[in-house]
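Trainee: Could we go through this structure together, one question at a time? I would like to see how each answer is reached.

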Amino acid sequence: MNAIETRELGKRYGRTWALQDCTLAVPAGRVVALVGPNGAGKSTLLHMIVGLSAPTQGDIAILGSLAPGSADALNRVGFVAQDTPLYPNLSVADTLRLVASLSPQWDEPNARARLADLDIPLSRKVGKLSGGQHAQVALAVALARHPELLILDEPVARLDPLARHDFMAALMAAVADDGISVLLSSHVVAELERVCDYLVVLARGRVQVVGDVDELVDGHRILTGPTVEADAVSAQLDVVGERRADRQTVLLVRTTGRAAVPRGWQEEPTNLEELVLSYLRAPQASALPGPSGQALRRVSA
Amino acid sequence: MTIDKESSGGVQFRLDPTSGVPTYLQIVRQVEHALRLGYLVPGDQLPKVKDVVAGLAINPNTVLKAYRELEHKGLAAGRPGQGTFIEGTLDVVPLRDQQALHRGLTRWLSDAMAAGLDEEGITALFSSALHDATRRKGVIAS
């Protein structure tokens, strides 16, 4: 089953396309990073997946065949919005009570156990919590509804390093426990490398890179060699990005099929951050799976 | 000072984000290292996936991949519903042999330094020779 499938999805605000021609098939049980610069269309895509806004064109299906925003989808999908909005004047306990009254499936002991683990006092007003505690309350509230798919929009952007680590640790423990599918957006790539196993890169409203993180990293190599040979070598290879100095040139190449290292050149593995940055610097390059694997059924009437 | 206690398993994993070594491979190597040093022996349980994940904030699939690799190498085995346990051992070179090899290497190092190589030159030369030797061994073995 796919957690999320989209076909030729697009969203236009006035005359501007925030997202265009977005076709994705994200398998269930993965932790997916949605990466791109500010304004790339990340939040637009997330809001359509959650059902907060309607596509201008194209189709979306979540958790197999559910339409975003349908009653089934709302029960089975969790959403933690940017800056994790909660009511600052409510206590943590009242926040739990509020969500409980709004949610058909609500696991109060689960939420309380999570907050107790983190030493977050239930009587404290949400507005008096630290940034990390605030984010943890939002996560605990989302997880206690036992979603099958959890969507998080820039969940750790404003947290300090320790709070980020603790937030991701809590999220990963939930993935290990319940096998939920997770989609989280970020413009900081470095912190996602250990957490995510599937990558979607958006740039300028279009999908640029999609795939399993290990396969993507394995499928790219860094080649270093003399600049005088760089043109000849580049012509033989699928070059994503390059940095040239007078004497030495560094290339990031895709190695699917042709992997022979030219004589006198050095080959090294790359990492997720280097790979993503190279693609973002080269908007004409893309790494997308072929049309196979797309099996979207029409869900919109 | 606070000490994190791990609720399962006899080892603590740590990750080096700057090493360039994939996370799952770092875990595999740390288990092998612990086996060589005797921190882990057959029958020991490896840390539960959830505990590793909650401690290091990493994807559970990464830990599962590391444990599958250890199973593939015959060093560990999964027991349904319980976890992953150490099964095999790594060949431990007897202490006396290790000491003899150490002496040989020390002699070689003084020769290299006398010839004018510095630490980085020695490391580069050693890595290159090791690379050649393992490749030769691989050719003979296959």
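This is a predicted model: local features need pLDDT of at least 70, side-chain atom pairs count only at pLDDT 80 or more; totals for chains, interfaces and linings use all residues.

Trainee: Which strand supplies the largest share of the side of domain 1 of chain A that touches domain 2 of chain A?

Mentor: The contact between the two domains involves 12 residues of domain 1 of chain A and eight residues of domain 2 of chain A. On the domain 1 side, at least two residues come from each of β8 (198-203) and β9 (206-212) of chain A, and by class that side has eight nonpolar, two polar and two charged residues. The largest share, four residues, is supplied by β9(A).

Trainee: What angle does the direction of helix α9 of chain A make with that of β11(A)?

Mentor: The sheet in question is open, has four strands in the order β11-β12-β10-β13 of chain A, and pairs them antiparallel; its edge strands are β11 (238-244) and β13 (266-269) of chain A, and its twist averages 25 degrees from one strand to the next. Seven bridges join β10 (residues 220-226) to β12 (residues 248-254) of chain A, with Arg221(A) standing opposite Val253(A) of β12(A). Helix α9 (residues 272-281) of chain A packs on this sheet and touches β10, β11 and β12 of chain A, its direction making with that of β11(A) an angle of about 90 degrees.

Trainee: How are α5(A) and α6(A) oriented to each other, roughly parallel or roughly antiparallel?

Mentor: Helix α5 (residues 131-143) and helix α6 (residues 161-178) of chain A have axes 9 Å apart and pack at an angle of about 10 degrees, in a crossing that is right-handed. Their contact includes Leu139(A) and Leu143(A) of α5(A), together with Phe167(A) and Leu171(A) of α6(A), and by class the whole contact has eight nonpolar, three polar and one charged residues. Angles under 35 degrees count as roughly parallel, and the two helices are therefore roughly parallel.

Trainee: Which element of chain A gives the most to the side that touches chain B?

Mentor: Here 15 residues of chain A are in contact with 11 residues of chain B. By class, the chain A side has 10 nonpolar, two polar and three charged residues. The element that gives the most to this side, with eight residues, is α6(A).

Trainee: And how far apart do the C-alpha centres of the two domains of chain B lie?

Mentor: Chain B is divided into domain 1 (23-86) and domain 2 (95-141). The distance between the C-alpha centres of these two domains of chain B is 31 Å.

Methods: Residues are numbered from 1 along each chain as its sequence is written. Chains are lettered from A and ligands numbered from 1 in the order in which they are written. Domain bounds come from an automatic or database domain assignment. Axes are lines fitted to C-alpha atoms, for helices over the stretch in contact, and angles run from 0 to 180 degrees between N-to-C directions. Angles under 35 degrees count as roughly parallel, over 145 as roughly antiparallel, 65 to 115 as roughly perpendicular and the rest as oblique. A crossing is left-handed if the near helix is turned anticlockwise from the far one by less than a right angle, and right-handed if clockwise. Two residues are in contact if their C-beta atoms, placed from the backbone, lie within 7 Å. Ala, Val, Leu, Ile, Met, Phe, Trp, Tyr, Cys and Pro count as nonpolar, Asp, Glu, Lys and Arg as charged, and the others, Gly among them, as polar. Two strands pair if DSSP finds at least two bridges between them.
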